[in-house]
Amino acid sequence: HLKNDFTEEAVRYAITGKYFSEAADIVEKIGFYVYWTNNVKLIHEWLKAFPAELLESRLHLQILKAYVDINVGELRNADQTFKAVNKSIDNTIDVDPGTQQDVRGRVASGQSAINIHYFMNWQSALDNADLALKLLPKDYLFDRCIAAFHGGGALIELGELDQARDYLNNALTLSNL
């Protein structure tokens with residue numbers, strides 16, 4: 001299935017056969033896209049099927065889980081997951097700098113949402129949005145869109161409407177790509 005680009009089926013078969021590592025490899029590649037196309041339920045099912053120790057060993061899967069938690073209203077769980085991922089990246093010496101930057105950017109993007117919707121801390125939301133936009137590669141459309149959107153929301157709350165317009169226009173552009 002994977003060789004023929006039937007990735008969702010490949011994940012399903014790998015999970016059914018208990019090839020969790022192989023399934024996790026695929027989900028790491030397609031998970032954010034699947035989430036972005038509003039298939040949160042499917043992502044949630046996949047992540048629930050993985051053994052806890054596998055999920056804990058994969059930083060991008062933890063971030064994806066945190067986004068699922070945000071989507072279902074479990075903001076406290078998402079916040080704890082983002083903090084755990086940051087702590088893990090701080091304590092891991094064998095992660096290459098590019099991966100560290102991507103992970104930190106993704107966490108900052110998620111934290112911008114948490115700071116808006118859970119803590120209502122506008123400045124922290126803006127700081128995280130700015131960090132995410134600085135760290136993330138241009139092709140991380142989903143995470144950059146989330147950061148730009150929440151940065152714009154924070155700027156509205158902070159009374160910086162012209163700058164908020166720029167952030168929100170950026171989010172709109174990213175969401176249409």
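Where is the place of Tyr33? In this predicted model, Tyr33 sits in helix 2, which covers residues 20–36; helices (H or I, at least four residues) and strands (E, at least two) are DSSP runs, numbered from the N terminus. Tyr33 counts as exposed because its relative accessibility is 58%, where exposed means over 50%, buried under 20% and partly exposed in between (1.4 Å probe, protein chains only). From Tyr33 to Phe119 the separation is 86 residues in sequence and 27 Å in space, C-alpha to C-alpha.

Turning to the whole fold, the protein has 10 helices and 0 strands. Its radius of gyration is 16 Å, close to the 16 Å of the globule rule for 177 residues, so the protein is as compact as a globular protein of that length; the radius is taken over C-alpha atoms, and the rule is 2.2 Å times the number of residues to the power 0.38. The C-alpha trace spans about 55 × 35 × 30 Å along its principal axes.

Of the 177 residues, 45% count as buried. Contacts (heavy atoms within 4.5 Å) between residues at least 6 apart in sequence join residues at least 24 apart in 56% of cases.

A note on conventions closes the account. Residues are numbered from 1 along each chain as its sequence is written, and side-chain values use heavy atoms, leaving out hydrogens and water. Local features need pLDDT of at least 70 and side-chain atom pairs count only at pLDDT 80 or more, whereas totals for chains, interfaces and linings use all residues.
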